[in-house]
Amino acid sequence: MVNQRYHFAIFLIIVSIIIVASGCNTAADNKPLDQITVQLSWFHTAEFAGFYVAAQQGFYAAENLDVTLVTGGPEVNPVAEVLAGNAQFGVTAGDNIIRARANGDEVTAVASIYQHSPLIVMALADSGITRPQDLVGKTVGVISPNLDTTWDIQFVAMLNHLGIDIADMTLIPIENYHGAAELVSGRMDAASGFFSINEPVQARLDGDEITTIFYSDYGILLYANPIFTTNDLINTQPDLVQRFVRATIRGYLLAIEQPEQTVTDVLQYDANLTQEGELATLLAQIPLINTGYTRVGQMEANVWQTTVDILLEQNVITAPVNINTVYTNTFIDGMQQ
Amino acid sequence: MADRANPLQAAYQSVVKTAAKANPDFTTTDQTQLLHIFYTVVIGVTAIIISIGAYISFYLQTNAWQFLATIGVMSAAALLIIVGFILATKGQLNRAAYILLTAVIIIYGWFPFIWENAHWYTGGGGLLLILFVGNLTLPGRWFVWAAYAAFFSLIWTIAYFWHPFARYDINQLPLLPIFFAVVTGIVLLILFWQGVRILVSGTIRTRLLISFVSITLLPLAIIAIFTNITSRESSETQVLAQLNSIATLKEAEIDAWLESLQNDIAITIIGANMTQSITSLLTPEASATANEIEAATNLRTLFRETINKTQQFEELFLISKEGQILLSTDPLQEGKIVTNELYFQEASSGINYTQSPTFFPSTGRTTIVAVRPLFNTQGRVMGVVAGRANMLRLNTIMFERAGLGRTGETYLIGRNHVLLTASRFNGFPIGASYIRTEAANSVLDKQINGRGIYDSYHGARVLGVYRWIGSLNVGLIAEQTELEALSGNRASARLALVAVITAGILAVVASYLITRSIANPLGVLTNMATEIAAGNLDLSVPVQQQDEIGALGTAFNSMTAQIRELVSTLEQRVFDRTQALATSTEVSRQLSTILNQSELVSEVVNQVQAAFNYYHAHIYLLDEKSQNLIMVAGTGEAGQQMLRNQHMIATGKGLVGRAAATNLPILVPDVSQAAGWLPNPLLPETKAEAAVPIAFGEEVLGVLDVQQNQVNGLQDTDVNLLQSIANQVAVALRNTRLYQELENQARQAALINDINQKILSTTDMQTAMQVAIRELGRVSQAEKVQISLIHETTNGKSHTP
């Protein structure tokens, strides 16, 4: 009996060894994953939640994609990066795509993350600034003193539409993008070019009482963060574009449904992000992404046309651009939601 | 032969031979174990070959390394199984069994590490298989199975929580879950089959118990389940119908409310001076600035009055035909441009319109906007009056919960799945909660009405009715938790469960009692049969029941009694026979000393009658001259009487006569049945008679006749016995007769000698002659004796007259 038990123990040990050994024997894999790089328009933030969720929850892997997300920033031009082949997809504001088209660059928007323009002017509540007219005679922060960035162009367009002379206010570039920091410091009375889902959310978290002026309330419509790619990729590998768009939109759909879990995925990308801040941003952007009246990611002609008109007004582009060459809903229509 | 018909059996036989040769201590128990190991090996290897085939085809479809690795593991396990088989052929059965179990652990322990969503198949299937193989190949050594099962569980648990490798989700390939399910199903079937075998080969007690309980419980359970399902369905139908009517009611209320929004705006517009005020605001060229300011003040006041009076709006505002908000009860909104808003576009084209709940980034809220165009005298749209509806009103409508119980609620959801009205559950704020239940998806995506049972947003399972409200572009959902809706149903289900359990307990008790009443007596009977087989006949079963079992006991007792009686009568008969033989011997011994015939026959009849307790016995002797059978001895008074009467029977007449004539014994067991039987008035009680010839070879000397006063009182055994006695009597009779003859001869010789002496004593011829005549006459008792002398030449002879 003792002898048999001894054998029994040996068998158990052998079994363990076999199991561990066979585990090490990782055999050949599937078809190689398609390597995709995405040039984001800004630093890592919950704004790009759909990309993070798609990557973390395996939506990209399920589409046989290996996606690298590259951060942008004030110095990065996503269109140039994509055209240079450093990335296959990019995220940038709608006017940049129109400008690229006007330049003859072959890029097309395939989806828009936000349906509504998030652009705002932010002021402290006690400043009394509640409408654009209130900015007259005030110090207003802008993104670039040249007023040639997307955000400044939109701001100028709003003032123009209302017949407000930009010369009646003092413009200084914003240096600190944290919440209402520039306003609280008194450096400026109002800051233009902010996203409703970023600085105001942070300011409220910081306990600052603020007011916001939405550009869209004054007819300034814009797709703030469309996803674009090259016409070449669309023509030669439509399937790849479709798979990427499908996985990304699935990511955004899940982000909308499960904001709390999504924050966990977002936080993977930047250690400086806070759970509280990213959750607030996520919740704030849900109505911008899913309006209920269009499919998530879908784009409308009138929004693009508004942007084209603004660029023409300000002579950013010299000739009208056919908006049908600027965007396509093919890939949004080509997926189930 | 069977060997040829079944190659598997032939193979097994050769394995048994090999194993028996290798192991000198090979027993029948070992043979059973070997048989099980043999079949486990055959089935295992077959299953592995089939599985490898399946995995190869799956691999070709997917190129997933997990399949390839599994094929490797399967092959390794197959090799192990073959090693086990070789050990088994060498008679090392337990080692073989260990290896088989190890192979099972390798296969099933590997699965959870690389397959996703197959945990329950691999865990359950693996455990069952280990117990099955363990029970088959290591009978009774449950501690080994338990150790293997525990070890497997450990591996499985580790695999469940630790993910060292990328796993392949079996749901990615529709065939794969089926494959796993089928394999597990086969394992279950095999186990079920084993269970049935145990049941079939179990004792009567076990089988009766299981049968009784299942017969009682099955119908009860089926009826309970059926009733429960039926009543559940009817409850569900009822609750859904109720929810549906509530939803219909709410829809009507919403439509009425939307209409009232439009009406209230219309009334406001039509109000006194209003048209004029508005016209002055909308047509700047027709009025002075002072007028405009006054008109604006008036209008704003009127708008505020309407809001306060109707409580229908949170904001009323006037839009120019260019799309700019000219005036609003919320000053913040003035100056905003709404050209892109749907409500403005609709109203601009001259339509009274209500825009469904829409999120406006600037207000940060989802609201309903009702608009009416204002026409100038030419009938052209000169502006738009709009009202942002007070969503609280909608909330009030939806929050009215008559007929919805403790958990029921109705709520609206917008096109983007946002919750538009309050939830009765905490943690779901209006406008920030997104409802993506089955009902929400159906009503919003397909814009259809329907009903169903699904998990609601608050986590509970609900019965729900959903309606697409086209006028508002929203979904209306009415829900009640299943827990509440089916509470009555659950009570009855609980009752049914209690009934089933009670019935189950009763069934167990009743069947235990019944089983005992059958099995126990059977056990007693079995023990008794064993005792009887061992020779103990003095037992009897206590019969307490009046049923078949009681009858069986009675029959058993009667059978035992009969056997007992049979055995004892047999002993009696042996005793009787022994006694008869002793009597016969005694008679013979006595007869041999009796030389007097009359004394002999008298002794014989008395002895025979006394020894066998016959009613009567007598002997006839054949008179050769008359050929009559003369009775010479008889027992009792009747015998004496017949002797005095000089009773005789002619040869051939009656029983006695026939026996003498045929020299054969004649038996009449029942005289009343025998034709031509002659009753003897001296022997009135005779019921049976046997006549046995007394014969010396062919020569019949007489007949021994016995009579009995009972029907069947005389039988063949008696006849045989009597015959042997009769034979002795014949010898004795012959002896007496020979003795008589010898005695006569001796007496004659003595007489002659005496006469000779007397003659010799005479002196003269004359005297001698006279003496001779006198003596001869005396001896011969002749009347006249004459002696004649004759010449010597004539060789004179004496004559006797």
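Helices (H or I, at least four residues) and strands (E, at least two) are DSSP runs, numbered from the N terminus. I'm working with a predicted model, where local features need pLDDT of at least 70, side-chain atom pairs count only at pLDDT 80 or more, and totals for chains, interfaces and linings use all residues. Residues are numbered from 1 along each chain as its sequence is written, chains are lettered from A and ligands numbered from 1 in the order in which they are written, and side-chain values use heavy atoms, with hydrogens and water left out.

**Entry: B:Asn596**

I looked up B:Asn596 and found it in the loop between helix H17 (548-593) and helix H18 (597-612) of chain B.

**Entry: B:Asn395**

Next I went to helix H13 (residues 391-399) of chain B, where B:Asn395 is found. B:Asn395 is buried, with a relative accessible area of 14%. A polar atom of its side chain lies 2.6 Å from the backbone nitrogen of B:Ala422. Apart from neighbours within four places in sequence, B:Asn395 is in contact with B:Thr421, B:Ala422 and B:Ile430 (contact means heavy atoms within 4.5 Å).

**Entry: the sheet in chain A**

I traced an open sheet of five strands in chain A, in the order E2-E1-E3-E10-E4, with mixed pairing; two strands pair if DSSP finds at least two bridges between them. Strands E2 (65-70) and E4 (107-112) are the edge strands, each pairing on one side only. From one strand to the next, the twist averages 25°. I then saw that helix H10 (residues 238-257) of chain A packs on this sheet, touching E1, E2, E3, E4 and strand E10 (226-230), and its direction makes about 60° with that of E1(A). Axes here are lines fitted to C-alpha atoms, for helices over the stretch in contact, and angles run from 0 to 180 degrees between N-to-C directions.

Strands E1 (residues 34-39) and E3 (residues 89-91) of chain A pair in the parallel sense over two bridges. A:Val38 stands opposite A:Phe89 in E3(A).

**Entry: A:Glu47**

My last stop was A:Glu47, in the loop between E1 and helix H2 (49-56) of chain A. Not counting residues up to four places away in sequence, A:Glu47 touches several residues, including A:Ser41, A:Tyr114, A:Phe195 and A:Gln285.

Notes. Buried < 20%, exposed > 50% of the residue type's maximum accessible area, 1.4 Å probe, protein only. Polar contact = N/O pair within 3.5 Å; in protein donor to acceptor, adjacent residues only side chain to side chain.
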